[in-house]
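Trainee: I have a model open and want to go through its packing. Can we take it step by step?

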Amino acid sequence: MFSTPFVLSFSLLLSLPILFLLAPRFLPPSTQQSVAISPSDELDDLALFDRAAGTKFSRLSTGGSNPQLKIAFLFLTNSDLHFAPLWDRFFNSAPNPNLFNIYVHADPSVNITRPSHGSNFDGRFIAAKRTYRASATLISATRRLLATAIIDDPANAFFAVLSQYCVPLHSFRYVYHSLIASRSFDLTSKAESDAELIRLGVRGRYKSFVEILSKSRNLWKRYTARGRFTMMPEVPFEQFRVGSQFFVLTRRHALVVVKDRTLWRKFRSPCYREDECYPEEHYFPTLLSMSDPNGCTHYTLTRVNWTGTTNGHPYTYSSAEVSPKLIYRLRESNYSESYLFARKFSPDCLRPLMDIAKKVIFRD
């Protein structure tokens with residue numbers, strides 16, 4: 001007959017695998033991923049989103065052409081806008097200052113140096129909330145930017161989400177023409193329904209440039225980061241998608257984002273797996289894929305180098321690497337005529353980028 005201590009020890013040993021499997025169901029999330037959006041912040045956002053949802057659709061949604069359509073540039077940052085001088089040159093190269101708007105969401109917990117008077121960024125900071133990496137707060141911040149831009153100007157037709165480490169790869173004229181006027185920029189648009197329109201010189205339906213991937217490493221682990229059944233039934237695994245958090249949306253899709261309540265309730269749930277939880281890379285691709293997959297290109301216009309990644313961060317270019325050859329290489333794309341933006345650059349890249357801005361970056 002076994003002694004009592006032996007029975008207890010043996011029972012505990014057998015229970016360890018069970019505890020390991022069930023722990024995520026009962027234990028609280030880790031500190032980083034347990035960041036919760038406060039009820040007051042949620043109410044503020046809902047009021048903002050409801051205002052944005054009440055705006056009318058732009059003619060862009062029907063494929064109409066209007067030379068006064070604008071591009072809203074949405075900067076999401078938790079540090080200084082290191083490349084503001086370069087972006088100022090980009091915006092100053094626009095043939096008409098009424099072709100764009102700028103909006104900046106800066107983490108209020110960080111002491112950020114505001115651009116000087118005369119900069120295009122002066123006075124363009126919106127009401128912001130605290131953000132944390134790899135948490136739903138980044139989804140909220142992006143939705144906040146979209147909603148503010150929708151309300152601010154009904155002419156905002158495209159919404160480009162960028163970070164403080166993003167840089168332009170072309171002139172404003174090139175970017176505007178590619179998004180608004182070009183009938184050949186999107187190399188993947190081969191639909192027969194668009195062919196006749198293109199032959200007649202008419203732009204087909206505008207699409208959002210958002211990366212949507214259904215096959216990705218650790219896709220199942222990302223899906224179950226909040227718990228195996230948390231996303232059900234609204235988001236079955238077969239419809240879960242991943243992609244870049246930096247994209248360009250049409251006004252029609254920006255409205256889809258700010259109107260959503262159903263998927264948001266799922267993606268705002270805290271995660272139990274820090275290494276697989278990147279809500280901002282999951283929410284937007286999944287929502288837009290479920291809402292209007294044929295209205296998206298499924299690729300992004302922001303070039304990122306994922307070789308040699310560190311802790312989930314992409315490769316960071318140093319000042320010594322900046323050259324005309326690098327810019328030309330970063331522009332190369334298999335899906336569009338060119339990438340329009342690139343990340344991630346260290347702050348000391350500003351000077352060499354400014355040195356080649358006129359002759360290389362903005363020479364088109």
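Trainee: At what angle do helix α2 and helix α4 pack?

Mentor: This is a predicted model, where local features need pLDDT of at least 70, side-chain atom pairs count only at pLDDT 80 or more, and totals for chains, interfaces and linings use all residues. Residues are numbered from 1 along each chain as its sequence is written, and side-chain values use heavy atoms, without hydrogens and water. Helices are DSSP runs of H or I, at least four residues, numbered from the N terminus. Helix α2 covers residues 39-53, helix α4 covers residues 137-152, their axes lie 9 Å apart, and the angle is about 40°.

Trainee: Is α2 parallel or oblique to α4?

Mentor: Angles under 35 degrees count as roughly parallel, over 145 as roughly antiparallel, 65 to 115 as roughly perpendicular and the rest as oblique. The angle here is about 40°. That makes α2 oblique to α4.

Trainee: Which residues of α2 meet α4?

Mentor: Contact means heavy atoms within 4.5 Å. On the α4 side are S140, R143, R144, A147, T148, I150 and I151. By class, the contact has six nonpolar, two polar and four charged residues. From α2 come D45, L48, F49, R51 and A52.

Trainee: How many residues of helix α8 are buried?

Mentor: Buried means under 20% relative accessible area (1.4 Å probe, protein chains only). Helix α8 spans residues 251-259 and is mostly covered. Among its buried residues are R251, H253 and L255.

Conventions
Axes are lines fitted to C-alpha atoms, for helices over the stretch in contact, and angles run from 0 to 180 degrees between N-to-C directions. Helices (H or I, at least four residues) and strands (E, at least two) are DSSP runs, numbered from the N terminus. Ala, Val, Leu, Ile, Met, Phe, Trp, Tyr, Cys and Pro count as nonpolar, Asp, Glu, Lys and Arg as charged, and the others, Gly among them, as polar. Buried means under 20% relative accessible area, exposed over 50%, partly exposed in between (1.4 Å probe, protein chains only).
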